[in-house]
2 protein chains.
Amino acid sequence: MAKLANVSAITVSRALRNPDIVSPALRQRIEAAVDKLAYVPNLAASRLASSRSHAVGVIVPTLYNVIFAEYLQALHEVFLGSGFQVVVVNSRYSKSEEEQAIRTLLGQRVEAIIIVGVDHTPMARRLLKQSRVPVIETFELSEDPIDINIGLSQTRAGFDATQTLIANGHQKIGFVLGHPDVRAAARLSGYKQAMEQSNLAWEGLVTSLPQHSTVALGAQIMNSLAERKNIPDAVFCIDDNLALGALMQCRKLGLRVPEDISILGFHDLEFAAYTSPSLSSVATHRYELGQLSANAAISAIVKTHDNKEKQIDVGYKIITRQSTAKSKT
Amino acid sequence: MAKLANVSAITVSRALRNPDIVSPALRQRIEAAVDKLAYVPNLAASRLASSRSHAVGVIVPTLYNVIFAEYLQALHEVFLGSGFQVVVVNSRYSKSEEEQAIRTLLGQRVEAIIIVGVDHTPMARRLLKQSRVPVIETFELSEDPIDINIGLSQTRAGFDATQTLIANGHQKIGFVLGHPDVRAAARLSGYKQAMEQSNLAWEGLVTSLPQHSTVALGAQIMNSLAERKNIPDAVFCIDDNLALGALMQCRKLGLRVPEDISILGFHDLEFAAYTSPSLSSVATHRYELGQLSANAAISAIVKTHDNKEKQIDVGYKIITRQSTAKSKT
DNA sequence: AACACAAATGACAGCGCTGTCAATTGGATT
DNA sequence: AATCCAATTGACAGCGCTGTCATTTGTGTT
């Protein structure tokens, strides 16, 4: 900054960070100079000198899924209101990229790290632990949280959802998913537990393709499912995108939903209530998850109290709409 | 870094940045120490000392829309491969937040700024110009680019799309949108031009609600549209989410698509081809946009050649599917 | 053995801010 | 008028790296 606009560097620093403590005269001169030069302070220098980054890091597996967009939205709202910059990094569902992302964030000396998932490389865990920054693991429940853990039991959600289908009298319940990330795998495992508990077979009823869950994939899978001799009488889709694709494909194939086949989604995305027929789903509370995570991070940073809860289960809620109904058999 | 692991700081720096130029013996000692301490270099210090941030800034209006997720995906792929960190900031469709975002990014001394849109506050323009970092404005075409501009004409896209509906024999063509951001407004303006050119009235045919475009909103608008005495025989929706909601609501209302009403979306989102009936739309090339932007940024940073193109029009493509058809009248 | 040259390592200063403490200024108080 | 105190302002050093140049070491050549 051209302190050639009359004053010492430190006064400029003060005027910019806390205008009130500088006299009006100087403040005005400084503001004029700042404006004239379109001066923007070097954050790297500021961070280095103050040893505060005023930044928090967030690691998500993808930006390509609305659930994380919603979650990030909530995080942003809380953090920006508190003067923190949010640094979002995408691990692309890879543990090694996640470890890399952690290094990047720690290198920036973020003041907290919020990370989706509870499975990390051993090195990633060490980095997080030794860094001594508050760590919040989210979306899942951990047996052994690094620090704070806010999530829901994906396995129980899969189990309970399957139970509702079984309770509706379905026996041949298909499970469809794309490339199984950790949370999808947990839901699948819940499904299998529920099936086994009711002495129902699941072998041959699980359809998985390596792509990420999309409407297109849902349509494609439903299409191949329909070519079999015995079509499932209910299908539990790993997320609502798959479910929507399945729903659409059923229409094309002349399969009636829910009369011929029940369809259950997951996540209760915004559109679920507005499809035709409307889509039953399992609501996960992304927004709340984001808010709780952000607030937990902030309390941990200012550590007013370390009576902080170490683990919060935000649960889930099964939403029954038109796409699932009692079996006619 | 505990150079208490035997060597000078500068050697650690070298070993970490360019292992090849350090002897195997030292390198090993250093790696061992780094591992032991879970040492992560302070990026702020590095950036300050080297006056390189190895970061590029991206400003998007929202994370809550897949088109930007797709776009960011492409940016990430190109930049991460080139060793740049991508810093994403969300302006939430606000010009003042955008200006703030620009300050944040310039403060971090990002080496290029990629920004969605071509309308900025005067101060934002000044900041960008005086900063001397390469600036890439995208998604729209600018009359007066700050630096590089890669986009498409939203107005022409709106115009041409409307033309195809007119060419199908439709006369009462509705236009529905949520809260009109700049690009939506441009498409609307294209629609009006096309209608006027064919001597068709558009007054009373434009329905706008202040929310962001969602499936829910599309259903809601279609519902209110259907309550009128004379329902439009075609509807141009500002994006595919609205169109999907409209499509679903038509089914609920017993309106046949396209027999009773044609529906045209925008952006050609992934699901458009898989709805039932499949959705006609206007393909915008987000992925290509992202790749071109990233590559333009990289060339500008290394400025191998400044024979760089200043403006690229990536165009759009009207995709006709089942939801639009010739009018029966 | 003497020399030249490349490779490996280190010393030093400085990037642009801010924490800390000292100096100055201008009333208010007695 | 002398004293005191709060409000302003500045001096200085240092945050943890890296650019630059100097020094040391090792190898090959004649």
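This is a predicted model: local features need pLDDT of at least 70, side-chain atom pairs count only at pLDDT 80 or more; totals for chains, interfaces and linings use all residues.

Modeller: Chain A has 11 helices and 12 strands. Its radius of gyration is 25 Å, well over the 20 Å that the globule rule gives for 329 residues, so chain A is more spread out than a compact globule. Along the principal axes, the C-alpha trace of chain A spans about 85 × 40 × 30 Å. Of the 329 residues in chain A, 47% count as buried, and among its contacts between residues at least 6 apart in sequence, 69% join residues at least 24 apart.

The two protein chains also touch each other, in a contact that takes 42 residues from chain B and 43 residues from chain A. On the side of chain B that touches chain A, the elements giving two or more residues include α3 (43–50), α4 (66–81), β2 (85–90) and α5 (95–107) of chain B, and α6 (122–131), α9 (215–226) and α10 (240–253) of chain B also belong to that list. By class, this side of chain B has 22 nonpolar, 13 polar and seven charged residues.

Now to the DNA, taking strand D to begin with. There are 23 residues around DNA strand D, of which A:T11, A:S23, B:S13, B:A45 and B:A49 come nearest. The element that gives the most to the surface near DNA strand D is α3(B), with five residues. In terms of class, the residues of this surface divide into 14 nonpolar, eight polar and one charged.

The elements giving two or more residues to the surface near DNA strand C are α1 and α3 of chain A together with α1 and α3 of chain B. Here the largest share, five residues, comes from α3(A), and by class the surface near DNA strand C has 14 nonpolar, eight polar and one charged residues.

To draw the parts together, α3 of chain B gives two or more residues to the side of chain B that touches chain A, and α3(B) also gives the most to the surface near DNA strand D, whereas α3(A) gives the largest share of the surface near DNA strand C.

Methods. Residues are numbered from 1 along each chain as its sequence is written. Chains are lettered from A and ligands numbered from 1 in the order in which they are written. Helices (H or I, at least four residues) and strands (E, at least two) are DSSP runs, numbered from the N terminus. The radius of gyration is taken over C-alpha atoms; the globule rule is 2.2 Å times the number of residues to the power 0.38. A residue is buried if 20 or more other C-beta atoms lie within 10 Å of its own, exposed if 12 or fewer, and partly exposed in between; C-beta atoms are placed from the backbone. Two residues are in contact if their C-beta atoms, placed from the backbone, lie within 7 Å. Ala, Val, Leu, Ile, Met, Phe, Trp, Tyr, Cys and Pro count as nonpolar, Asp, Glu, Lys and Arg as charged, and the others, Gly among them, as polar. A residue is near a molecule or strand if its C-beta atom, placed from the backbone, lies within 6 Å of it.
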